[in-house]
Amino acid sequence: MFDVSTAVTLEEAKQHLRVDHDADDEFIKRLILSCTQLCEQEILHGIIDREGTSGFSKDVDHVPEAIKTWILIRVAERYETREGKPIPWVEALLDPYRWRQ
């Protein structure tokens, strides 16, 4: 697996999901990571700076809100349904950040 920093913290995700227990923490962490990776694939650009590459942010505290929102919605979709049915307007959140070739 390639190096990726998550763009959303566990605490942010749990607050968004309204989860107040620790039983699903590992599952939520995996969802955060996979949704962060999915976001990077969608925009063809890193979100957080890491060795050798620059992203849109130097750390999780400075990630653009539209990107955080996209990731949180994707995490919620997968947490609630476990299958992730697409929500059309969510894709537009990433449009300003898509890396054009």
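Helices α1 and α2 of this protein are roughly perpendicular to each other, a label given to angles of 65 to 115 degrees, whereas angles under 35 count as roughly parallel, over 145 as roughly antiparallel and the rest as oblique. The angle between α1 (residues 10–17) and α2 (residues 25–43) is about 105 degrees, and their axes are 10 Å apart. Axes here are lines fitted to C-alpha atoms, for helices over the stretch in contact, and angles run from 0 to 180 degrees between N-to-C directions.

Before I continue, a word on the basis of these values. The model is predicted, and residues are numbered from 1 along each chain as its sequence is written. Local features need pLDDT of at least 70, side-chain atom pairs count only at pLDDT 80 or more, totals for chains, interfaces and linings use all residues, and side-chain values use heavy atoms, with hydrogens and water left out.

The protein has four helices and zero strands, in the order α-α-α-α from the N terminus. Helices (H or I, at least four residues) and strands (E, at least two) are DSSP runs, numbered from the N terminus.

Which residues of α1 and α2 meet? From α1 come Leu10, Ala13, Lys14 and Leu17, and from α2 come Asp25, Ile28, Lys29 and Ile32; contact means heavy atoms within 4.5 Å. By class, five of these residues are nonpolar, none is polar and three are charged. In this scheme Ala, Val, Leu, Ile, Met, Phe, Trp, Tyr, Cys and Pro are nonpolar, Asp, Glu, Lys and Arg are charged, and the others, Gly among them, are polar.

I turn to the interior. Of the 101 residues in the protein, 41% are buried, where buried means under 20% relative accessible area, exposed over 50% and partly exposed in between (1.4 Å probe, protein chains only). The largest nonpolar core has 26 residues, and Ile28, Cys39, Ile47, Ile67 and Ile71 have the most contacts inside it. Such a core is a set of buried Ala, Val, Leu, Ile, Met, Phe, Trp, Tyr and Cys residues joined through side-chain atoms within 4.5 Å. Helices α1, α2 and α3 each supply at least two residues of this core, and α3 gives the most, with eight. Leaving aside residues up to four places away in sequence, the partners that Ile47 touches include Ala7, Cys39, Phe56, Val63, Ile67 and Ile71.

How many aromatic pairs does the structure hold? There are two; rings of Phe, Tyr and Trp (its six-membered ring) pair if their centres lie within 6.5 Å, and planes under 30 degrees apart count as stacked, over 60 as edge-to-face and the rest as tilted. Phe27 and Tyr79 form a tilted pair, 6.1 Å centre to centre with 35 degrees between the planes. Phe27 lies in α2 and Tyr79 in α3 (residues 65–81), so this pair ties together parts 52 residues apart in sequence. Phe27 is partly exposed at 22% relative accessible area, while Tyr79 is buried at 10%. The rings of Phe56 and Tyr97 have centres 5.2 Å apart and planes at 80 degrees, so that pair is edge-to-face. Phe56 sits in the loop between α2 and α3, and Tyr97 in the segment after α4 (88–92), 41 residues apart.

Finally, two backbone details. Arg18, in the loop between α1 and α2, has a positive phi near 60 degrees and is exposed at 77% relative accessibility. Leu44, in the loop between α2 and α3, has a positive phi near 55 degrees and is partly exposed at 47%.
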